[in-house]
Amino acid sequence: MRKRIVAGRLAVTLLLLTLPGGCGRQKAAPADSSTSASQESAAENAGESNGTGTEADGQTKENVSQDPPSEQPAAEEEETEMTEVSYSRVSVHDPSVAYDNGTYYIFGSHMAWAKSTDLRNWETFQMNINAEYADLFGKEWEAYCKTATNPNLNGNLWAPDVIYNPNMGKYCFYMSVNGNDWNSVIVLLTADSIEGPYEYAGPVVYSGFNTDSHDVKLTDVYQVLGEDANLTRYQNIRNTKLNAIDPCVVFDRDGSLWMVFGSWFGGLYMLKLDENTGLRDYTTTYETIPNEQDAYYGYKVHGGFGVSGEGPYIIEKDGYYYLFVSYGGLVADGWLVAAPYEYAGEKISENGYAVDEMCGDYEFIVHTPTTYYQKAGSSTLGIMQPSKITLNEDGTVSGELTGAWTYEDGTPNMTITVDGVTYKGVFLKMPSEQLYFNPNERKVVMTFTALGDNVAVWGSR
């Protein structure tokens, strides 16, 4: 971190004028009264340069002298903390993240992969999949997914997930092979190294089951449900019609292997996998209970009823499993919360922050779960607009929203209560994303991130 000085008499005058009302701006007077006297002199002289003086209450007083203004004392300078942040970015859609031997990997759609050792500087790389995808995924593609209106395999390899399976001694690469009308399949590849080369292992789960357009006998649906199974529910988008894409594979605390997958209208489901093969565990069976289980897809964990939701990702931390879903870390009271800005190497303070660092004016956003980006005619909806609030030193919240806030001394922990909801979270000082003339220069600001009633909020000073 480095500091850049932002100086100017106007800024100093404004600071002095707002002293009585601002949070963290009222400080105890020093024993030497000369500081206070010089501040008063600076404020008076700033007004006298125009032939008038301005009091803090806005009243104008008469000129007391026509003499030329004396030389102004040096203005007190306000320090703004800046930092240099460098990034080497890549474009990877639908990324999953893996960590192996000091390196972070992201694997995404359209056979795009990248790696980094610091989560800021990324480089792309190639694997054998890029050249051999037709051989690795061609069997399921040609037999089940491909149609005349969707003939290109390379554009339909989506959202993979990679996990190391110690039972197999292999890296397991789960790829979504997307077909028209959601007649899709998730296929497993394995390798001895996370960067490959990968080999074909087999299909894990299918979707679609449109008997009019696809030969479902080429899937395992009848193996699981029986030869006379009724598949009509898999054509109902408000029931269990989903797309077998976006896998996330995770071991639980007992060593069992699970895969959560699915997309959009029918919801997200979870299947138990065989820990020794990485494929579906056919010995585990499920009942068909509306909105709870499906005999083929397994346990329902999220969504359905025509509601958006895809890209599931599960992690386990401190005894909890967290399901992340794209629709539209740090810890808050034991629960994970996300920082407002892009990671730049900052670390959360172990000892907390000074009061005058925490209180002040913030932009405040509530991440309403029912709001999402959409177009309605020529209008754009669902873009969250921040509210202007102030965290006052007396523990109140004022501005466009009102309420209260607290902090835990010696820690970064905080709460904020607005509209009757208490959000618990943490303060974090980090570079904002405001750009300056130097594209790598960022202003360091105080932020907070918190969670309440299963809704996240962010604040940025």
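Here are legends for a few views of this predicted model, going from the whole protein down to a single residue.

**View 1**
Of its 461 residues, 42% are buried. The protein exposes about 24,300 Å², and 49% of that area is supplied by carbon and sulfur atoms.

**View 2. An open sheet of 4 strands.**
Which strands stand at the edges? They are S5 (96–100) and S8 (123–124). Each of them has a single partner strand, so one side of each is left without a neighbour in the sheet.

**View 3. Where strands S7 and S8 meet.**
Here we look at the pairing between S8 and strand S7, which covers residues 112–116. The two strands pair in the antiparallel sense, over 2 bridges. You can pick out Lys115 here: its bridge partner is Glu123, which sits in S8.

**View 4. Thr103 and what it touches.**
Thr103 belongs to strand S6, which spans residues 103–108. Is Thr103 buried or exposed? Its relative accessible area is 16%, and buried means under 20%, so Thr103 counts as buried. Which residues is Thr103 in contact with, once neighbours within four places in sequence are left aside? The answer is Ala98, Lys115, Ser116 and Thr117.

Technical notes
Residues numbered from 1 in each chain as written. Predicted model: local features only at pLDDT ≥ 70, side-chain atom pairs only at ≥ 80, totals over all residues. Heavy atoms only, no water. Pairing = 2+ DSSP bridges. Buried < 20%, exposed > 50% of the residue type's maximum accessible area, 1.4 Å probe, protein only. Areas by Shrake-Rupley, 256 points an atom, 1.4 Å probe, with all protein chains shown as cover. Contact = heavy atoms within 4.5 Å.
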